[in-house]
Structure formats: C-alpha cells, structure tokens
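This briefing sets out the fold of a single chain for a computational reader. Please consult the sequence and the coordinates alongside the text.

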Amino acid sequence: MNEKKIFMEAVGNLGLSMRQYESVSRLYDACFEATMADLSGAADNLRKYRSKTLTFHYNDLTRDPKSGHAVVHFVVPSASNEKNYDVYIEFIPKQGTLFSQAQGAMAPAKKIALLRSCDVKVFCTCPDFNWSGMKYNLKHIYDSYLSGYESIDGVPSGGEDIAPKVRDPQHKNRVCKHLLAAFTAVMTNWMTILKAARTYHVPAEVTPKQEPATPAQSPVQENPVEEPTLPPVPDENISPDENGI
Ligand SMILES: [Zn+2]
C-alpha cells in the first residue's frame with residue numbers, strides 16, 4: 001500500500017478534480033494491485049480445471065523481512081506426484097499487516113473476508129510459472145510478483161527475466177495451476193493461517209509503521225487490536241483439525 005500512497009501523493013499534485021483523482025485511484029487498483037480472486041479470475045479454463053485435481057499442504061507462515069507482511073507457504077505436489085512445488089503467497093491487507101489485523105476476536109466470516117480482501121504477491125517454483133510468462137507478467141505488468149523466492153527448476157535458457165513473446169505475447173498469464181490450488185487451500189486453511197498470523201512474534205523494532213486508524217477506515221475497529229504478545233484468543237468452536245488440510 002505504501003507504493004500506492006506515494007503514487008497518489010504525486011497524483012494529488014496534478015490539480016485534478018476529486019472525481020478525476022478517484023478515477024486514477026481506481027485505475028491504480030485495477031492495474032497494480034490484485035486479490036486472489038483477481039489473479040485466479042484471469043486464469044484460463046484448462047489451468048483452472050487441472051488445478052482442481054491437485055493436493056496441497058500448508059507448510060508455514062513467515063514474515064517477509066523486507067515488506068513486513070505475512071507470507072504463507074504451501075507445498076503442492078505435481079500432477080504426477082514426482083515433485084513438490086513450493087507456492088508462496090504474501091498477504092497485504094488494506095491497512096496494517098495480517099499480523100496486526102488477525103488480532104482480537106472476529107467472526108469467522110470476517111476472517112475469511114479479511115483474507116479475501118488482501119492484495120497478494122505470489123511465487124511458484126514450477127516451470128510453468130517461468131516458461132509461460134507468469135513470472136515476467138507479474139513482475140513487469142501486474143506488480144503481483146513476490147521476490148526473494150527463486151526457483152531451481154524452470155529457468156528458461158537465456159535468463160529468467162525474458163518477455164513471453166511466443167507463449168503469451170499479450171501478457172494474459174498470471175498464475176499457474178499450483179497457485180490456483182493454493183488459493184483454494186487458503187480458503188480451507190483460513191483458520192490455521194490466521195492463527196499463525198495472530199501468534200507470530202513480530203519483532204517490535206522492525207514492525208512496519210501503522211497508519212493511524214480511524215473508525216471509518218478500520219475494518220476491524222470493533223475489535224481493538226491486542227498486544228501481539230498476549231495469549232491467543234480462543235478461536236471458533238471448530239477444531240484446527242477440521243480445516244481440511
Ligand atoms: Zn506452479
């Protein structure tokens with residue numbers, strides 16, 4: 001969100017009317033930020049179909065030291081079960097981080113809505129992600145590329161950062177079938193993910209600066225943010241084992 005803030009501050013200096021300013025803000029969202037639904041909606045039907053046969057395993061939730069945001073790691077076995085691919089999804093809430101937004105008691109529907117509303121940056125170690133232009137497109141066109149997680153396989157000859165001139169000249173591809181499967185996995189593992197975010201020990205000295213929350217803007221204002229060091233609030237009446245791992 002910081003990048004948008006800088007962008008919109010600059011736009012603010014152009015002397016646009018409020019309506020024009022809001023249009024630019026919406027254009028920015030459409031071009032440069034994307035939720036899981038935005039990314040998967042653009043996928044072709046064949047990849048969507050193939051993703052449904054994949055299994056997935058929640059691995060862990062960590063903190064990107066650079067952005068300060070939460071990154072969820074899933075392991076998705078290949079269709080032939082010969083290999084495992086690593087899928088990483090960084091969650092960027094409209095305000096704060098997933099660590100701060102996951103604090104306090106919240107109805108399950110609100111928690112799921114929180115994950116759905118996050119912008120995401122993604123990475124997968126599969127060859128398709130590299131060869132079909134997804135990596136390039138996410139990096140250079142859609143700003144949804146999660147850097148720092150390089151793959152061992154699938155780097156095209158001639159470098160890994162080349163435009164998909166043949167396979168995807170119109171830059172339509174954004175996510176592979178493993179990422180599509182992982183997006184589904186987020187929805188079946190939402191409780192595990194939010195619990196991990198809530199109990200994660202965020203180092204105090206490097207916690208990203210929080211914007212001053214106002215009642216009108218904060219989606220979780222009715223549940224004041226607890227100190228991250230407090231014991232976790234008991235979750236819903238569903239055991240963590242029932243979340244479909
Ligand atoms: Zn993949």
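The model is predicted. Its chain contains 10 helices and four strands, and the four strands form an open sheet with antiparallel pairing.

**Overall make-up**

- Along the sequence, the secondary structure elements follow the pattern α-α-α-α-β-β-β-α-α-β-α-α-α-α.
- The chain has 245 residues, of which 32% are buried.
- Of the contacts between residues at least 6 apart in sequence, 77% join residues at least 24 apart.

**Sheet architecture**

- The strand order in the open sheet is S1-S2-S3-S4.
- Strand S1 (57-63) and strand S4 (119-124) are the edge strands, and each of them pairs on one side only.
- From one strand to the next, the twist averages 20 degrees.

**Pair S1 and S2**

- S1 and S2 run antiparallel and are joined by six bridges.
- Leucine 61 has valine 72 in S2 as its opposite residue.
- The hairpin of S1 and S2 has six residues between the strands, and glycine 68 in this hairpin adopts a positive phi near 80 degrees.

**Pair S2 and S3**

- S2 and S3 also run antiparallel, with eight bridges joining them.
- Phenylalanine 74 is placed opposite valine 87 in S3.
- Six residues lie between the strands in the hairpin of S2 and S3, where asparagine 81 has a positive phi near 65 degrees.

**Pair S3 and S4**

- Strand S3 (residues 84-92) pairs with S4 in the antiparallel sense over six bridges.
- In this pair, glutamate 90 stands opposite lysine 121 in S4.

**Helix packed on the sheet**

- Helix H10 (residues 190-199) packs on the sheet, where H10 touches both S1 and strand S2 (70-77).
- The direction of H10 makes about 25 degrees with that of S1.

Conventions. Residues are numbered from 1 along each chain as its sequence is written. This is a predicted model: local features need pLDDT of at least 70, side-chain atom pairs count only at pLDDT 80 or more; totals for chains, interfaces and linings use all residues. Two strands pair if DSSP finds at least two bridges between them. Helices (H or I, at least four residues) and strands (E, at least two) are DSSP runs, numbered from the N terminus. Axes are lines fitted to C-alpha atoms, for helices over the stretch in contact, and angles run from 0 to 180 degrees between N-to-C directions. Two residues are in contact if their C-beta atoms, placed from the backbone, lie within 7 Å. A residue is buried if 20 or more other C-beta atoms lie within 10 Å of its own, exposed if 12 or fewer, and partly exposed in between; C-beta atoms are placed from the backbone.
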